[in-house]
Amino acid sequence: YAEISKLLDKIRSVGMGGISADDDLAVEKLTKKLEGLESQQTTMKAVNAYFRKHKTLDGCPELTPEQAEKLKADMAQSWHLDKSKPYPAYLLSNNNANIRRVRQRIEELSNRSEFAGWTFPGGEAKINEAENRLQLIFEEKPDADQRQELKSNGFKWAPSQGAWQRQLNQNAIRAAARIDFLRPEDGTSPYQLQPFAKRENKEMSR
């Protein structure tokens, strides 16, 4: 029972803490946790199938002799109500639920935007993921020199969007960073505000 309880505690803890969404290795760590959960699920199913077929755990390839003896002792306990399977159904159900939850979290983190918008004097740079565009929205129409600089850096006026825009990618961010009037008021480079740039800086500093 103690072994089952520890396993349940371990399953419940998966994805509940210890891995922050701000951790650059969050997806990698969660992927390893997912692999562990899936391995546990496969093992438990295989052990149950072996027992169902052979009516014994002796010789089960998924278990060492010590593990088999411990599991047999657990099955003999009064709390182990279902004697037809070494691993109770609720244990597989809980584990499977956590597999789905960790997969969902991995998907959410994997799809997290690589880009971040910013404000600049007289306007805002917006990340429009639906349109896959970096959009520059001005409070007033840019003057002729500004419009020429925007055009020379690949931005085009889109009346339907009410914005100057270009395809959303790292090159678009670099282009915006070259334009002085698009810098935030504190003078920070828009490039350095981006999640992908912050990760690159962390990797270089390691």
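Reader: How many aromatic pairs does a search of the whole structure find?

Author: Three. Rings of Phe, Tyr and Trp (its six-membered ring) pair if their centres lie within 6.5 Å; planes under 30 degrees apart are stacked, over 60 edge-to-face, and the rest tilted.

Reader: How are the rings of F138 and F181 arranged?

Author: The pair is tilted, because the planes meet at 50°, with the ring centres 6.3 Å apart.

Reader: Before we go on, what kind of model is this?

Author: This is a predicted model, where local features need pLDDT of at least 70 and side-chain atom pairs count only at pLDDT 80 or more, while totals for chains, interfaces and linings use all residues. Residues are numbered from 1 along each chain as its sequence is written, and side-chain values use heavy atoms, leaving out hydrogens and water.

Reader: Back to the pair. Which parts do F138 and F181 tie together?

Author: F138 lies in strand β3 (residues 133–138), and F181 in the loop between α6 (170–177) and α7 (195–205), so the pair ties together parts 43 residues apart in sequence. Helices (H or I, at least four residues) and strands (E, at least two) are DSSP runs, numbered from the N terminus.

Reader: Is F138 buried or exposed?

Author: F138 is buried, at 18% relative accessible area. The cut-offs: buried is under 20%, exposed over 50%, partly exposed in between (1.4 Å probe, protein chains only).

Reader: Which residues do the ring pairs link into a cluster?

Author: F120, F138 and F181.

Reader: And what lies over the face of F155?

Author: R166, at 6.0 Å from the ring centre. A charge sits over a ring if NZ of Lys or CZ of Arg is within 6 Å of the ring centre and within 35 degrees of the ring normal.

Reader: New topic, strands. How many bridges join β1 to β2?

Author: Three, between β1 (residues 118–120) and β2 (residues 123–128), which run antiparallel. Two strands pair if DSSP finds at least two bridges between them. T119 has E124 of β2 as its bridge partner.

Reader: Which residue in the turn of that β1 and β2 hairpin has a positive phi?

Author: G122, at about 85°. The hairpin has two residues between its strands.

Reader: How do β2 and β3 pair?

Author: Antiparallel, over six bridges. G123 has F138 of β3 as its bridge partner. β2 and β3 also form a hairpin, with four residues between them. N132 sits in that turn, with a positive phi of about 55°.

Reader: Is N132 buried or partly exposed?

Author: Partly exposed, at 33% relative accessibility.

Reader: Where is K55, by the way?

Author: K55 is in the loop between α2 (26–54) and α3 (65–75). K55 has a positive phi of about 60°, although it is not a glycine. K55 is exposed, with a relative accessible area of 64%.

Reader: Let's do packing. How many residues has the largest nonpolar core?

Author: 22. L134, L136, F138, L150, F155 and L182 have the most contacts inside it. A nonpolar core is a set of buried Ala, Val, Leu, Ile, Met, Phe, Trp, Tyr and Cys residues joined through side-chain atoms within 4.5 Å.

Reader: Which element gives the most to this core?

Author: α6, with five residues. β1, β3, α6 and α7 each supply at least two.

Reader: What is L136 in contact with, leaving aside its neighbours within four places in sequence?

Author: F120, E124, A125, L150, F155, A163, W164 and L182. Contact means heavy atoms within 4.5 Å.

Reader: What does the second, separate core include?

Author: Y50, F51, L63 and Y87 are among its 13 residues.

Reader: Which residues are buried in α6?

Author: A172, I173, A175, A176 and A177.

Reader: Which residue caps the N-terminal end of α6?

Author: N169 does, with a side-chain oxygen 3.1 Å from the backbone nitrogen of N171. A polar contact is a pair of N or O atoms within 3.5 Å; within protein, one must be able to donate a hydrogen and the other to accept it, and residues adjacent in sequence count only if both atoms are side-chain atoms.

Reader: Where is P195?

Author: In helix α7. P195 is partly exposed, at 23% relative accessible area. Its C-alpha is 7.0 Å from that of A116, 79 residues apart along the chain.

Reader: Last one. How many helices and strands has the protein?

Author: Seven helices and five strands. Along the sequence the pattern reads α-α-α-α-β-β-β-α-β-β-α-α. Of the 206 residues, 36% are buried.
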